[in-house]
Amino acid sequence: MTTLSYAGYILALIGGLVLVILGLLSILGSPFLAFSPLTALGGLVEGVVGVIIGIICMIGAKYVANLAWAIVLLILGIVGGGPGGLLVVLGALLGLISSLARGRHLP
């Protein structure tokens, strides 16, 4: 693993962790929005999706130097959004650059 892909790994891992933490906070905060059921349901769904995307990003961060995983993490970071998604996107871009610079596109 090169230095660039290692930096991408760290960024994607931290971003996935931030996505999980923010998703859990959103899930825990959704019952307090019970006065508006649609808002509470939206917060719950957003939290569950954030946790799922964060877990996938934390698992995929190990393979950020692989071209396919870098693209998957890039898409997941965009979908996840927020500060965690931004870190995942930056990590995926570093992994993508590292993969393309090495010239190894296939696993």
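Helix H4 buries Gly84, Gly85, Val88, Val89, Gly91, Ala92, Gly95, Leu96, Ser98 and Ser99. The model is a predicted one.

## Overall fold

The protein has four helices and zero strands. Along the sequence the pattern reads α-α-α-α. Of its 107 residues, 34% count as buried. Contacts between residues 24 or more positions apart make up 70% of those with a separation of 6 or more. The accessible surface is about 6200 Å². Carbon and sulfur atoms hold 81% of that surface.

## Helix H4 and serine 98

H4 runs over residues 82–102. Its 21 residues should span 30 Å at 1.5 Å a residue, and the end C-alpha atoms are 30 Å apart, so expectation and model agree. Just after H4, glycine 103 has a positive phi of about 85 degrees.

Serine 98 sits in this helix. Is serine 98 buried or exposed? Its relative accessibility is 3%, so serine 98 counts as buried. The cut-off for buried is under 20% relative accessible area. Which residues does serine 98 contact, once neighbours within four places in sequence are left aside? The partners are Thr2, Leu4 and Ser5.

## Helix H1 from the inside

H1 covers residues 3–29. At 1.5 Å a residue, its 27 residues should span 39 Å; the end C-alpha atoms lie 39 Å apart, which agrees. The buried residues of H1 are Ser5, Gly8, Ala12, Gly15, Gly16, Leu19, Val20 and Gly23.

Serine 5 belongs to H1. It counts as buried because its relative accessibility is 0%. Beyond residues up to four places away in sequence, serine 5 touches Val64, Ala65 and Ser98.

## Tyrosines of H1

How many aromatic pairs does the count give? It comes to two. Tyrosine 6 and tyrosine 9 form a tilted pair, with 5.9 Å centre to centre and 35 degrees between the planes. Why are these two tyrosines separated by about one helical turn? They are three residues apart in helix H1, so about one turn lies between them.

Tyrosine 6 counts as partly exposed because its relative accessibility is 46%. Tyrosine 9 has a relative accessible area of 24%, so it is also partly exposed.

A nonpolar patch lies on the surface. Its members are Leu17, Ile21, Leu22, Leu25 and Leu28. Together they have about 480 Å² of accessible area.

Two of its members can be followed further. Isoleucine 21 is in helix H1. Its relative accessibility is 44%, so it counts as partly exposed. Leucine 22 is found in helix H1 too. Its relative accessible area is 40%, so leucine 22 is partly exposed.

Leucine 13 is another residue of H1. At 29% relative accessibility, leucine 13 counts as partly exposed. Setting aside its neighbours within four places in sequence, leucine 13 is in contact with Met58 and Ala61.

## Pairs across the sequence

The table sets them out.

| Pair | Separation in sequence | C-alpha distance |
|---|---|---|
| Leucine 13 and alanine 61 | 48 residues | 5.5 Å |
| Leucine 22 and glycine 50 | 28 residues | 7.4 Å |
| Isoleucine 21 and glycine 47 | 26 residues | 9.3 Å |

Leucine 22 lies 7.4 Å from glycine 50, C-alpha to C-alpha. For isoleucine 21 and glycine 47 the value is 9.3 Å. Both leucine 22 and isoleucine 21 are members of the nonpolar patch.

Terms used: Residues numbered from 1 in each chain as written. Predicted model: local features only at pLDDT ≥ 70, side-chain atom pairs only at ≥ 80, totals over all residues. Heavy atoms only, no water. Buried < 20%, exposed > 50% of the residue type's maximum accessible area, 1.4 Å probe, protein only. Contact = heavy atoms within 4.5 Å. Patch = residues over 30% accessible without salt bridge, like charges linked within 9 Å, V, L, I, M, F, W, Y side chains within 5 Å. Areas by Shrake-Rupley, 256 points an atom, 1.4 Å probe, with all protein chains shown as cover. Salt bridge = Lys/Arg side-chain N within 4 Å of Asp/Glu carboxyl O. Expected span 1.5 Å × (residues − 1). Phe/Tyr/Trp six-rings, centres within 6.5 Å; stacked < 30°, edge-to-face > 60°.
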